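Notebook open, model loaded. I want to go through this one element by element and jot down what I find.

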Amino acid sequence: MSGNDRPPGQPTPRQDAPAGAQQVRNAPGLRDSAFLRACRREPVPHTPVWFMRQAGRSLPEYRKVREGIAMLDSCMRPELAAEITLQPVRRHGVDAAVYFSDIVVPLKAIGVDLDIKPGVGPVIENPVRTRADLERLRELEPEDVSYVTEAMGILTRELGATPLIGFAGAPFTLASYLVEGGPSKNHERTKALMYGDPQLWADLLDRLADIAAAFLKVQIEAGASAVQLFDSWVGALAPEDYRRHVQPASAKVFDAVASYGVPRIHFGVGTGELLGLLGEAGADVVGADWRVPLDEAARRVGPGKAIQGNLDPAVLFAPREAVERQAARVLDSARGLEGHIFNLGHGVLPDTDPQALTDLVSYVHERSAR
């Protein structure tokens, strides 16, 4: 097959990508996995399923191996990160593994003084609010996150034909944590900077785009078969603000990894009004939360993109029959789409019964079997 004969939606792979990573992605069965085929909008034997935000965090085996170990320390221990990544694959039979990490890991790696506090989230010791603060954010080098490369080496050997998804936090969400100093409901300091000093804001997001892109490149070169950009808080913005103040930085991240030829996924929470703009930023797959039916999400995104989603995570606390009814609604709304990857509309809630996730995977596979 010549470069001009590639299937629709499949990016051209980098010719200078590391041989090891190319070899991993050419492993028997991996390229034809249901997940990667759906990302490329090709026919699949069944609708592929994976769960966001480390599905393993609802597992007793996850709590056991994490006992007494802080979140960031867990991310920096290659064998532990690999084990946690594998747990949902073993337990639930999902079609892809998502690498165990956190969106603030690259910030910690470049020297930002932060911690992930249980029940709170990332807390930044010295928030970024001035140009002098911005200058503290240096470039991310591969050696800063060598533990990621090591962990992914372990994983690609263990996973075989199961794809591994790498990820990074999107510039807006990283900026929100940095500017606010931690999680925020209203993002008032973030928006004040965005409106009050648009040049500093643009420079901050541009710097964070470089950091996010570098983090994704490390994961791809270590063998990740796909990557997702999480923009958890971008739903707080109006469409015009997103287009003007955020989209250029997100597009820069996607453009930076386009030449690797791996599928790129974009996801944000509360982004029903932004779905078309998220697609324009450059992803191959756009994730929708549970607020918009998938057929409508696909209409807003437009042709040429696969769609990911979008069962409400809270549904998993209902009886099995109710979960299956809601999952059927998702599958029905996705019928006829070019490509669909079944996922929740946000992350797995920590108190979710693991059996509910296992049963959901089985149900989706069986009901969608071609």
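This is a predicted model: local features need pLDDT of at least 70, side-chain atom pairs count only at pLDDT 80 or more; totals for chains, interfaces and linings use all residues.

**Helix 8**

I stayed with the helix itself. Helix 8 covers residues 146-159, which makes 14 residues. From first C-alpha to last it reaches 20 Å, close to the 20 Å expected at 1.5 Å a residue.

Next I listed its buried positions: Tyr-147, Val-148, Ala-151, Met-152, Gly-153, Leu-155, Thr-156 and Leu-159. Glu-158 is also in helix 8, but I have this one down as exposed, because its relative accessible area is 55% and the cut-off for exposed is over 50%. I also checked Glu-158 against Leu-86: they are 72 residues apart along the chain, and their C-alpha atoms are separated by 8.4 Å.

I count 7 strands in an open sheet, in the order 1-4-5-6-7-8-9, with parallel pairing. Strand 1 (97-98) and strand 9 (340-344) sit at the edges with a single partner strand each, so one side of each has no neighbour in the sheet.

I then went through some of the pairs.

- Strand 4 and strand 5 run parallel and are joined by 5 bridges; the bridge partner of Ile-165 in strand 5 is Ala-226.
- Strand 5 pairs with strand 6 (residues 264-268), parallel again, over 5 bridges; here Phe-230 has Phe-267 in strand 6 as its bridge partner.
- Strand 8 (residues 306-311) and strand 9 pair in the parallel sense over 5 bridges, and Leu-311 stands opposite Leu-344 in strand 9.

How many residues of strand 5 are buried? I get 6 of 6 for this strand, residues 226-231. In a regular strand the side chains alternate between the two faces of the sheet. Here Ala-226, Gln-228 and Phe-230 point one way, while Val-227, Leu-229 and Asp-231 point the other way, and all are buried.

**Gly-166**

I picked this glycine out of strand 4 (residues 164-169). Is Gly-166 buried or exposed? I noted buried, because its relative accessible area is 0% and the cut-off for buried is under 20%. Leaving out neighbours within four places in sequence, I find Gly-166 in contact with Met-152, Gln-219, Ala-224, Ala-226, Val-227 and Gln-228. Met-152 is one of the buried residues of helix 8, and Ala-226, Val-227 and Gln-228 are in my list for strand 5. I also looked up Gly-347, which is 181 residues from Gly-166 along the chain; the two C-alpha atoms are separated by 15 Å.

**The hairpin**

Strand 2 (residues 114-117) and strand 3 (residues 121-124) are an antiparallel pair with 4 bridges. Leu-114 stands opposite Ile-124 in strand 3. The two strands make a hairpin with 3 residues between them, and Gly-119 in the turn has a positive phi of about 80°.

**The largest pocket**

What volume does the largest pocket have? I wrote down about 870 Å³. Of its 27 lining residues, the closest to the centre are Arg-53, Arg-57, Met-71, Asp-102 and Ile-116. Helix 3 has the largest share, with 3 residues. By class I get 15 nonpolar, 6 polar and 6 charged residues in the lining.

Most residues other than glycine have a negative phi, and most peptide bonds are trans. I went looking for exceptions.

- Arg-41 has a positive phi near 60°. This residue lies in the loop between helix 2 (34-39) and helix 3, and is buried at 18% relative accessible area.
- His-187 has a positive phi of about 55° without being a glycine. I located His-187 in the loop between helix 9 (171-180) and helix 10 (188-196), buried at 3%.
- The peptide bond from Gly-309 to Asn-310 is cis, with omega near -5°. Asn-310 is in strand 8.

Technical notes: Residues are numbered from 1 along each chain as its sequence is written. Side-chain values use heavy atoms; hydrogens and water are left out. Two strands pair if DSSP finds at least two bridges between them. The expected span of a helix is 1.5 Å times one less than its number of residues. Buried means under 20% relative accessible area, exposed over 50%, partly exposed in between (1.4 Å probe, protein chains only). On a 1 Å grid over the protein atoms alone, a cavity is a set of points where a 1.4 Å probe fits but cannot get out, and a pocket is an open set with protein on both sides within 12 Å along at least five of seven lines; lining residues have an atom within 4 Å of a point. Grid points are joined across faces, edges and corners, and a volume is the space filled by probe spheres set on the points. Ala, Val, Leu, Ile, Met, Phe, Trp, Tyr, Cys and Pro count as nonpolar, Asp, Glu, Lys and Arg as charged, and the others, Gly among them, as polar. Contact means heavy atoms within 4.5 Å.
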